[in-house]
Amino acid sequence: MADFAIQLKKLLQEAGCRFERHGKGDHDIWFSPITQVRFVVDGKILSRHTANAVLKQAGLPKQF
């Protein structure tokens, strides 16, 4: 199984999203300047659907 977290975080950074802080466990809190929303990014994402859902929260198109 592929881990989409590394690719996802790279796409978020390229779009101007920024890491804000660590959450509980291996979750990180990010902020999107596009949607003005904070959202959670898991440290390990095995589902492309989850990765695309994070992109949607950030205001970005599907990539996976």
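**Reading salt bridges, strands and a core**

Me: Lys-9 and Asp-28 form a salt bridge whose closest N and O atoms are 3.4 Å apart. What is a salt bridge?

Reply: Side chains of opposite charge can pair when their charged atoms come close. The rule here asks for a side-chain nitrogen of Lys or Arg within 4 Å of a carboxyl oxygen of Asp or Glu. In this structure, the pair links distant parts of the chain: Lys-9 is in helix H1 and Asp-28 in strand S2, 19 residues apart. Before we go on, please keep in mind that this is a predicted model, in which local features need pLDDT of at least 70 and side-chain atom pairs count only at pLDDT 80 or more, while totals for chains, interfaces and linings use all residues. Residues are numbered from 1 along each chain as its sequence is written, and side-chain values use heavy atoms, with hydrogens and water left out.

Me: Is Asp-28 buried or exposed?

Reply: The words follow relative accessible area: buried is under 20%, exposed is over 50%, and partly exposed is in between (1.4 Å probe, protein chains only). Asp-28 has a relative accessibility of 10%, so this residue counts as buried.

Me: With which side chain does Asp-28 make a polar contact of 2.9 Å?

Reply: A polar contact is a pair of N or O atoms within 3.5 Å; within protein, one must be able to donate a hydrogen and the other to accept it, and residues adjacent in sequence count only if both atoms are side-chain atoms. The partner at 2.9 Å is the side chain of His-22. The side chains of Asp-28 and Lys-9 are also joined by a polar contact, at 3.4 Å. If you look at contacts in general (heavy atoms within 4.5 Å), and leave aside neighbours within four places in sequence, Asp-28 touches several residues, including Phe-19, Gly-23 and Val-40.

Me: How many salt bridges does the count come to?

Reply: The count comes to 3 salt bridges. Glu-20 is partly exposed at 27%, Arg-18 is partly exposed at 43%, and Arg-38 counts as exposed at 55%.

Me: You keep naming strands. What is the order of the strands in the sheet?

Reply: Strands of a sheet pair through backbone hydrogen bonds, either parallel or antiparallel. Here the elements are DSSP runs numbered from the N terminus, with helices (H or I) of at least four residues and strands (E) of at least two; two strands pair if DSSP finds at least two bridges between them. The order is S1-S2-S3, an open sheet of 3 strands with antiparallel pairing. S1 and S3 stand at the edges with a single partner strand each, so one side of each has no neighbour in the sheet. S1 (residues 18–22) pairs with S2 over 4 bridges, and 6 bridges join S2 to S3 (residues 37–42). For example, Arg-18 has Phe-31 as its bridge partner in S2, and Trp-30 has Phe-39 as its bridge partner in S3.

Me: Which residue takes a positive phi in the hairpin of S1 and S2?

Reply: That is Gly-25, with a phi near 65°, in a hairpin that has 4 residues between the strands. The hairpin of S2 and S3 also has 4 residues between its strands, and Gln-36 in that turn has a positive phi of about 60°.

Me: Why is strand S2 largely enclosed by the rest of the structure?

Reply: S2 (residues 27–32) has 5 of its 6 residues buried, so the rest of the structure largely encloses this strand.

Me: Which residues touch the most other members of the largest nonpolar core?

Reply: In soluble globular proteins, nonpolar side chains tend to be buried together. A nonpolar core is a set of buried Ala, Val, Leu, Ile, Met, Phe, Trp, Tyr and Cys residues joined through side-chain atoms within 4.5 Å. Of the 14 residues in the largest one, Leu-8, Leu-12, Phe-39, Val-41 and Ile-45 touch the most other members. H1, S3 and H2 are the elements that give two or more residues to this core. Leaving aside neighbours within four places in sequence, Leu-8 is in contact with residues that include Val-41, Ala-51 and Phe-64.
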